[in-house]
Amino acid sequence: MASTPLTLAALATSAVPGLNVRGTRSHTGDGDGAYSSAVLVTDDGDLIIFDSGSTTEQIAAALGNRPVSVITNGLMVANQLVSNDQVEVTMLGGALRGFNATITGPDAESMLNRVHATYAFVGTDAVDPLRGI
């Protein structure tokens with residue numbers, strides 16, 4: 001895993017070989033519908049990874065108070081879930097990047113290497129057919 005800020009999953013494109021996603025949705029700024037649709041694929045008891053970012057923050061808010069486990073590197077994602085007593089939130093350890101409120105570094109990467117999540121919601125600016133996300 002590269003030593004770059006975490007960017008966790010919800011993109012599906014034929015340009016990324018092996019990416020297995022039940023549904024796809026691009027962020028077009030069309031409101032809560034996209035966020036709710038992303039959450040519909042999750043079930044109670046799932047382990048869900050949330051990347052940091054404004055889109056994943058809104059997906060986390062749409063998750064509601066359900067018995068799921070969440071792992072995130074995003075302080076704002078965790079903030080969306082803090083009042084949901086059925087959601088078990090685990091923050092990745094590491095260094096705080098203040099300008100985007102994320103936790104990064106080798107400790108966070110090490111924690112993720114031990115996780116087998118049901119779903120991961122990733123935000124990204126681009127997908128390259130050769131380099132991926």
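Visitor: Which residue stands opposite I48?

Guide: I48 faces Y119, a residue of strand β6. This is a predicted model: local features need pLDDT of at least 70, side-chain atom pairs count only at pLDDT 80 or more, and totals for chains, interfaces and linings use all residues. Residues are numbered from 1 along each chain as its sequence is written, and side-chain values use heavy atoms, leaving out hydrogens and water.

Visitor: What makes β1 and β6 a pair?

Guide: Two strands pair if DSSP finds at least two bridges between them. β1 and β6 (residues 119–121) have three bridges, in the parallel sense. The count meets the cut-off, so they pair. Strands are DSSP runs of E, at least two residues long; helices are runs of H or I, at least four; numbering starts at the N terminus.

Visitor: How do you know that β1 pairs with β2?

Guide: Count the bridges again. Four join β1 (residues 47–50) to β2 (residues 69–72), and the strands run parallel. One spot to look at is L47, which stands opposite S69 in β2.

Visitor: Why is the unit of β1, α2 and β2 called right-handed?

Guide: Point the strands away from you. A crossover is right-handed if the path from the first strand over the helix to the second then runs clockwise. β1, helix α2 (residues 54–63) and β2 make such a right-handed β-α-β unit.

Visitor: How many aromatic pairs does a search of the whole structure find?

Guide: One. The rings of F50 and F121 have centres 5.3 Å apart and planes at 20 degrees. Rings of Phe, Tyr and Trp (its six-membered ring) pair with centres within 6.5 Å; planes under 30 degrees apart are stacked, over 60 edge-to-face, the rest tilted. Therefore F50 and F121 are a stacked pair. F50 is in β1 and F121 in β6, so the pair ties together parts 71 residues apart in sequence.

Visitor: Why is F50 called buried?

Guide: Buried means under 20% relative accessible area, exposed over 50%, partly exposed in between (1.4 Å probe, protein chains only). F50 has 0%, so F50 is buried. F121, at 6%, is buried too.

Visitor: What makes D44 and R66 a salt bridge?

Guide: A salt bridge needs a side-chain nitrogen of Lys or Arg within 4 Å of a carboxyl oxygen of Asp or Glu. In D44 and R66 the closest N and O atoms are 3.2 Å apart, so the pair qualifies. D44 lies in the loop between α1 (32–40) and β1, and R66 in the loop between α2 and β2, so parts 22 residues apart in sequence are tied together. R66 is buried, with a relative accessible area of 18%.

Visitor: What does the side chain of T56 reach at 3.1 Å?

Guide: The backbone oxygen of G53. A polar atom of the T56 side chain also lies 2.7 Å from the backbone oxygen of D51. A polar contact is a pair of N or O atoms within 3.5 Å; within protein, one must be able to donate a hydrogen and the other to accept it, and residues adjacent in sequence count only if both atoms are side-chain atoms. T56 lies in α2, and at 2% relative accessible area T56 is buried.
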